[in-house]
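These are my notebook entries on one protein model.

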Amino acid sequence: MINLYNAELPSSYAVGIDVGGTSLKCGLVDKKGKILHSFLVPIQNAGTQEEIIQLIADAIRQCTLQVKKTITGVGIGFPGLVENGVIIGGADNLPGFQKLPLANILKELTGHPIVIDNDANLMGLGELTYGAAKDCTDAVFLTVGTGIGGAIMINKKLYGGFNNRGGELGHIIIQQNGLACNCGGRGCLEAYASVSALIEDYTSKNKLSSKEIDGRYIIEKYRIGEEHAVCAMERHFDYLAAGIASFINICSPQKVIIGGGISEAGTFYIDELRQRVKSLSIPAASVHTQIVSAELGNNAGMLGCSANVFQKLKIQHYETK
């Protein structure tokens, strides 16, 4: 006798693969967000698009070998613009990946259904599903690092605009005709509030080489009251708060989640943002909004990839009795 049951059962599993510039973060995850198996695959020595694709396919196989049951599917988080499983472009640190139907290619190589989205979007979905915003339906996620990425979640789902072309939170304009941004625009939030911008601001005053400085160094100097570090951090907080206030005024989320290494600097970081955002945002829009640190760390992307599978794929499993 054959019993038919769906992917809503607790025995559902997904493979999540977060593609970064130097490695793949891979894992087998159940529907409750428990990571059953995880590992890193270095890709910095992969010189071609084809080599990276093969590494992803091999990682999928390694994950699926960990369980005897059929997996629900595979979720991929990929840097850049993704539309209907096609990598349109924007993966600047990876060779190739221009207008590439990656979902179909990986499905042919592995036999599993594949869902792909932007990596920052999936970090946000991970926090919404399993992390800092798991009790929310509506949230905004920002990751502050070399650049600024983000995600908008509405009614428990990612919102990326028409054909998934939106959600570029790091590229709202906070200064008309301002600093040049890597996206080709000027005055973007990323150009003013990213860690790269913070380092550039700090080193320009100290006449130091930016190669010798990172965000952690500036935080340490800020904590002991060094003048240049305090001034640079104050500007960083002001710029980032302006962007966050704009997101709150538009989305009125239950939570704004701040991720990225600098958000782990201490409670003072989030406290400084809260104070500034409160004075900038519309009270009616922000009355239900909390600003919090991300909880999932480096696992956010991988867990978000898996959550995306469980949201978007419903496959049939068969059990023979």
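Which residue in E10 is the bridge partner of Val140? I found that Ile152 in E10 is the partner of Val140.

Before going on, I note the basis of these entries: the model is predicted, local features need pLDDT of at least 70, side-chain atom pairs count only at pLDDT 80 or more, and totals for chains, interfaces and linings use all residues. Residues are numbered from 1 along each chain as its sequence is written, and side-chain values use heavy atoms, with hydrogens and water left out.

**Entry 1: strand E9**

I take helices (H or I, at least four residues) and strands (E, at least two) as DSSP runs, numbered from the N terminus. Two strands pair if DSSP finds at least two bridges between them. E9 (residues 139-144) and E10 (residues 148-154) pair in the antiparallel sense over six bridges, and the two form a hairpin with three residues between them. I then looked up E12 (residues 255-259), which runs parallel to E9 and is joined to it by five bridges. Here Phe141 has Ile257 as its bridge partner.

For burial I use relative accessible area: buried is under 20%, exposed is over 50%, and partly exposed lies in between (1.4 Å probe, protein chains only). Six of the six residues of E9 are buried, so the strand is largely enclosed by the rest of the structure. In a regular strand, side chains alternate between the two faces of the sheet. On one side of E9 I list Ala139, Phe141 and Thr143, and on the other Val140, Leu142 and Val144, all buried.

**Entry 2: strand E5**

Six of the six residues of E5 (residues 73-78) are likewise buried, so this strand too is largely enclosed by the rest of the structure. Gly73, Gly75 and Gly77 point one way, while Val74, Ile76 and Phe78 point the other way. E5 pairs in the parallel sense with E2 (residues 13-19) over five bridges, and runs parallel to E8, to which five bridges join it. I checked Gly75 in both pairings: its partner is Gly16 in the former, and it stands opposite Val115 in E8.

**Entry 3: the second largest pocket**

On a 1 Å grid over the protein atoms alone, a pocket is an open set of points where a 1.4 Å probe fits, with protein on both sides within 12 Å along at least five of seven lines; lining residues have an atom within 4 Å of a point. Points are joined across faces, edges and corners, and a volume is the space filled by probe spheres set on them. I noted a volume of about 290 Å³ for the second largest pocket. Of its 16 lining residues, Asn84, Ile116, Asp117, Asn164 and Lys312 are the closest to its centre. Strands E6 (81-83), E8 (114-118) and E11 (157-159) each give two or more residues to the lining, and E8 has the largest share, with four.

Which residues does Glu83 touch, its neighbours within four places in sequence left aside? With contact meaning heavy atoms within 4.5 Å, I found Ile88, Asn163 and Arg165. Glu83 is in E6 and is buried, with a relative accessible area of 15%.

Ile248, in helix H7 (residues 227-251), is buried at 1% relative accessible area. Its contacts beyond four places in sequence include Pro253, Val256 and Val277. The C-alpha atoms of Ile248 and His288 are separated by 9.9 Å.
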